[in-house]
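Student: Hey, could you go through the ligand site of this model with me?
Tutor: Happy to, let's look.

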Amino acid sequence: MSASDEEHMAQALALARRGLGLTWPSPSVGSIVVAPSGEIVSRGWTASGGRPHAEAIALDRARARARGATLYVTLEPCAHEGGRGLACADVIAAAQPARAVVALRDPDPRTSGQGLERLAAAGIEVVEGVLAAEAASVALGHLLRVTEERPAVTLKLALGADGLMPRGDGAPVWITGPEARAHGHLLRARNDAILVGRGTILADNPSLTCRLPGMGCRSPVRVVLDRRLRTPPEAHLFDDMMVPVWLICAADEDHPNAEALQERCAEIVPAAVDAHGMLGIRDALETLASRGITRVLVEGGPSVARAFLDADLIDEAVIYQGPNPAGADGLMPFVNEGLDRLTGSGHFTQIHARSFGPDRMTWWRRMRTCSPALSAA
Ligand SMILES: NC(=O)c1ccc[n+]([C@@H]2O[C@H](COP(=O)([O-])OP(=O)(O)OC[C@H]3O[C@@H](n4cnc5c(N)ncnc54)[C@H](OP(=O)(O)O)[C@@H]3O)[C@@H](O)[C@H]2O)c1
């Protein structure tokens, strides 16, 4: 591994980040081809919908110049054909680069280690593990979907200076300024799905789309936890029928409103309820993963935020805090507990902080000890 390997892998990771939110059910991967002179010959990142894969795009653009070059790729090339053309490991073997630098092994059993073996068998020098931690963080949704059968979860909270959430009054109440809100919309674009509880729909009547200029097409699937399907069919959520709405409801219950909601293009998604009759968070996430979702942004109110925290199913938390208090009718972010329940738990570490005008954003990541595939994340 050399400094230039790290620099080139950092560029490949920047390409991978471009596809976040667009490639599910596949991971977003970045790849570059670098000539022996150090010149970057070509770049590729996973196409929308997950195919073609990044390294296939980069090699196709490099054509004959791939021979003898170094290929950088942020995730192990796939070893399975999947009925849609050659496996990437075979595409690389045919292109004959001298070296392949791979950030992270793919835990998907159809590939795990076999992609690297196939490259080595083709006489390509394989270097593994360059910027593995960064790569694991970019691929976290895919890694968790494969190893834990659930998507990666980011909790987003917007709080006043007093640490309370403003209470909706039929429309969202903004506690932060336009720059922080624009950043929140970028978060939406980088996730496959955005999830709230029915309480947020009733209180705020939000659209839950990405409304950054030119990025409307980056709106994620909108998911509502709604046990008995009591979301009003006239909610704003249904106004933009181009962006899917999935209503997760209790399986094994009658849902008299289902038809009216389906007429508004909602997709009804039954899931299991827990011992208290609530939708189980773990089951809801497994249901989303089974439908291909790899990254979920939770933007719900205190009940849903608390349920995710209690289930220990928050991987990252992005907290925006405005300069003014939410006031006397503000809500504790975790029902009857404050932000400290997450930030002071010792389970999360702050990885990033920045200001947007008078607003402050802090970004927290769960310190994970679980599966070895994630130890770098
Ligand atoms: N500042 C912010 O960041 C922010 C963001 C969102 C909302 N809010 C505010 O939060 C308030 C709404 O709070 P809320 O707690 O009612 O909203 P919520 O957490 O989005 O929705 C709660 C509802 O979700 C449903 N749900 C289904 N399964 C659940 C589960 N396992 N755990 C918890 N809930 C589940 C329940 O309704 P069913 O029983 O009908 O299924 C529950 O009443 C509003 O005033 C809104 O303005 C603030």
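Student: What lies 3.0 Å from a polar backbone atom of G197?
Tutor: That is an oxygen atom of the ligand, a polar contact (a pair of N or O atoms within 3.5 Å). This is a predicted model, where local features need pLDDT of at least 70, side-chain atom pairs count only at pLDDT 80 or more, and totals for chains, interfaces and linings use all residues. Residues are numbered from 1 along each chain as its sequence is written, and side-chain values use heavy atoms, with hydrogens and water left out.

Student: And which ligand atom is 2.7 Å from a polar side-chain atom of R227?
Tutor: An oxygen atom of the ligand lies there.

Student: How much of the ligand's accessible area does the protein cover?
Tutor: The protein covers 86% of the 910 Å² that the ligand has on its own, by the Shrake-Rupley method with a 1.4 Å probe.

Student: Which element gives the most to the shell around the ligand?
Tutor: Helix 8 does, with five residues; helices here are DSSP runs of H or I, at least four residues.

Student: Switching topic, which helix gives the largest share of the lining of the largest pocket?
Tutor: Helix 7 does, with five residues. A pocket is an open set of 1 Å grid points where a 1.4 Å probe fits, with protein on both sides within 12 Å along at least five of seven lines, and lining residues have an atom within 4 Å of a point.

Student: Which residues come closest to its centre?
Tutor: Of the 35 lining residues, the closest are P172, V173, T200, D204 and E299.

Notes:
A polar contact is a pair of N or O atoms within 3.5 Å; within protein, one must be able to donate a hydrogen and the other to accept it, and residues adjacent in sequence count only if both atoms are side-chain atoms. Helices (H or I, at least four residues) and strands (E, at least two) are DSSP runs, numbered from the N terminus.
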